[in-house]
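Here is a friendly walk through a model, one region at a time. Have the sequence and the 3D view open as you read.

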Amino acid sequence: MRHPQLERVLAAVLQYGTWLATVVIAAGLAMTRTRIATAGIALLILLPVLRVALMLIVFVRQRDYRLGAVAALVLLLIGLGFTLGVVA
Amino acid sequence: MHTGFEWWLFAVAVGASAVGGALGMAGGIFVVPILTIFGHVDIRLAIGASLVSAIACSCGSAAAFLRGHLTNIRLAIVLEIATTLGAVSGVLLGGAIPARALFALFAVVLLLSAQQMLVRRGEPSGVATTADAGRWGTLLRLDADRVQRVPLGMTLMYGAGLISSLLGIGSGVLKIPAMDGALRLPIKVSSATSNFMIGVTCAASASAAFMRGTVVTAIAGPVALGSVVGALLGARLLVIASNGTLRVVFIVVLLALAAQMVAYACGILS
């Protein structure tokens, strides 16, 4: 089973997202504004999370609940990693 | 942090990502050893920077693979359960593992990569060369004969996620045997799908590193930018340089870095 439309959306989000984050990081470093560069790095880390969230939405909309649950679990695990970074 | 050092970080990342990319490998495997050996960067900060650049490379190149219909996104999301679980385990373990053990683990991964470069990767036997929807459908419904190999694939992916999280690399070393050996996917599909998964796997550990403060902008910023530029150059390098020459350079560099990492692990260098 393939998802041509979802694949196109993901390709665009990942491509433009990477460019945006790269430009923000470069601008921050060039202007020696660390906070801006840090925001660019945060954006980069969030991109794959956004990708999984998009997949979750599309799978649920297509009533593909099994894959939807899989995507939700992956999101939870990323959230767990984040939480461990804060508390542990 | 002075500008000269930032340019050096940028240059290292460009080189690592270009050479790695030309051979279908992430540059992280070079970045961490070079930053620690020659830049005297703390290994945990080097790993934090490398995680961010792995995400940049994965997301940056994913578009081309997706548009070429090479990425199996259904399989990717299923396997990502295992890789992110591995990454979270790595986050839990990470703080407790001494730096010298990380150096030793890194040396092992470098040696395994060199060995994999020596043995050329062929199409796994018994693979369908064209996209076989029925076969994948079976795989994802997890029934019939596939059910025995998926757990093996998942186990290897868990290991890949764990190593990725501990060392800040994409860990193709473990993903390739998982994809080729256990799941028996065609090479291009396995490369594209593995690349797609790296972003999510590293996001789980990079977000923890970010919150822990081991993603330092002055280091991670230039490294991430260099990796993106290097990945673009790598595609061109692939066209110019002969695969044989690149392979030899790659193996020599991997072995040299492994020797240095062993020296750190044994306390000969510090």
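## Before you start

This is a predicted model, in which local features need pLDDT of at least 70 and side-chain atom pairs count only at pLDDT 80 or more, while totals for chains, interfaces and linings use all residues. Residues are numbered from 1 along each chain as its sequence is written, and chains are lettered from A and ligands numbered from 1 in the order in which they are written.

## Chain B at a glance

Chain B has 11 helices and zero strands. Helices (H or I, at least four residues) and strands (E, at least two) are DSSP runs, numbered from the N terminus. Along the sequence, the pattern of chain B reads α-α-α-α-α-α-α-α-α-α-α.

Of the 270 residues in chain B, 56% count as buried. A residue is buried if 20 or more other C-beta atoms lie within 10 Å of its own, exposed if 12 or fewer, and partly exposed in between, with C-beta atoms placed from the backbone. Two residues are in contact if their C-beta atoms, placed from the backbone, lie within 7 Å. Among the contacts in chain B between residues at least 6 apart in sequence, 83% join residues at least 24 apart.

## Where the chains meet

How many residues of chain B are in contact with chain A? The number is 44, and they meet 41 residues of chain A. At least two residues each come from helix H3 (43-67), helix H4 (73-94), helix H6 (133-141), helix H9 (187-212) and helix H10 (217-240) of chain B. Sorted by class, this side of chain B has 31 nonpolar, eight polar and five charged residues. Here Ala, Val, Leu, Ile, Met, Phe, Trp, Tyr, Cys and Pro count as nonpolar, Asp, Glu, Lys and Arg as charged, and the others, Gly among them, as polar.

## H2 of chain A and its partners

Helix H2 (residues 34-61) of chain A packs with H9(B) at an angle of about 135°, their axes being 9 Å apart. Axes are lines fitted to C-alpha atoms, for helices over the stretch in contact, and angles run from 0 to 180 degrees between N-to-C directions. H2(A) and H9(B) are therefore oblique to each other; angles under 35 degrees count as roughly parallel, over 145 as roughly antiparallel, 65 to 115 as roughly perpendicular and the rest as oblique. H2(A) passes H9(B) in a left-handed crossing. A crossing is left-handed if the near helix is turned anticlockwise from the far one by less than a right angle, and right-handed if clockwise. Residues making this contact include Ala42(A), Ile45(A) and Arg51(A) of H2(A), together with Gly199(B), Ala203(B) and Phe210(B) of H9(B). The residues of the contact of H2(A) with H9(B) divide into 10 nonpolar, two polar and one charged.

H2(A) also meets H3(B): their axes come within 9 Å and cross at roughly 55°. That makes H2(A) oblique to H3(B), and their crossing is left-handed. From H2(A), the contact uses Ile41(A), Leu44(A), Ile45(A), Leu47(A) and Pro48(A), and from H3(B) it uses Val52(B), Ile55(B), Ala56(B) and Cys59(B). The contact of H2(A) with H3(B) has nine nonpolar, no polar and no charged residues.

Which residues does Ile55(B) contact, leaving aside neighbours within four places in sequence? Among them are Leu44(A) and Pro48(A) from chain A, and Cys202(B) and Ala206(B) from chain B. Ile55(B) sits in helix H3 of chain B and is buried, with 29 other C-beta atoms within 10 Å. Its C-alpha atom is separated by 9.9 Å from that of Ile169(B), 114 residues apart along the chain.

Tyr158(B) is in helix H7 (residues 149-167) of chain B. Tyr158(B) counts as buried, with 21 C-beta neighbours inside 10 Å. Not counting residues up to four places away in sequence, Tyr158(B) touches Ala82(B), Leu85(B) and Gly86(B).

## Covered helices

Buried residues of H3(A) include Leu67(A), Val74(A) and Phe82(A). Their cover includes H2 of chain A together with H4 and H9 of chain B. In helix H2 (residues 28-37) of chain B, nine of the 10 residues are buried, including Phe30(B), Pro33(B) and Thr36(B).
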